[in-house]
Amino acid sequence: MKNYMLILILLLATTACASAEDSEDYSNDEIRTLLPFDAIPAITDPQFVSAGAAKLDADAPVIGVTFNGESHAYSLYLLNGHEIVNDVVGGMNIATTW
């Protein structure tokens, strides 16, 4: 709960610092790319295990998706390194992003 409060306070402080006077035009700034194109590979053929075999803490963050009675969960720890999972859930093609 403390983390959420800290994030909320930082968000409010950042928003309060932005003002109408700070309206510089950045449209001509160069876009800098830190990683080469396609440097973070998507998971395109995810393999699943039961919740008990997942080796995650009980409070580990996941993104859960359910379609047509089928459910899949994607570990945020895993998504930190991939950012996208292309999957089929309940007969529907989905992309889960983080």
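1. In the hairpin formed by β3 and β4, two residues lie between the strands, and Gly90 adopts a positive phi near 60 degrees. The model is predicted: local features require pLDDT of at least 70, side-chain atom pairs count only at pLDDT 80 or more, and totals for chains, interfaces and linings use all residues. Residues are numbered from 1 along each chain as its sequence is written, and side-chain values use heavy atoms, with hydrogens and water left out.

2. Strands β3 and β4 (residues 92–97) run antiparallel and are joined by six bridges; strands pair if DSSP finds at least two bridges between them. Val85 stands opposite Thr96 in β4. On β3 (residues 84–89), the covered face consists of Val85, Asp87 and Val89, and the uncovered face of Ile84, Asn86 and Val88.

3. The protein chain contains two helices and four strands, in the sequence pattern α-β-β-α-β-β. Helices (H or I, at least four residues) and strands (E, at least two) are DSSP runs, numbered from the N terminus.

4. One aromatic pair is found in the whole structure. The ring centres of Phe48 and Tyr74 are 5.9 Å apart and their planes stand at 65 degrees, so the pair is edge-to-face (centres within 6.5 Å; planes under 30 degrees apart are stacked, over 60 edge-to-face, the rest tilted). Phe48 lies in the loop between α1 (2–17) and β1 (62–67) and Tyr74 in β2 (residues 70–75), so the pair ties together parts 26 residues apart in sequence.

5. Tyr74 is buried, at 5% relative accessible area, whereas Phe48 is partly exposed, at 37%. Buried means under 20%, exposed over 50%, and partly exposed in between (1.4 Å probe, protein chains only).

Key: Phe/Tyr/Trp six-rings, centres within 6.5 Å; stacked < 30°, edge-to-face > 60°.
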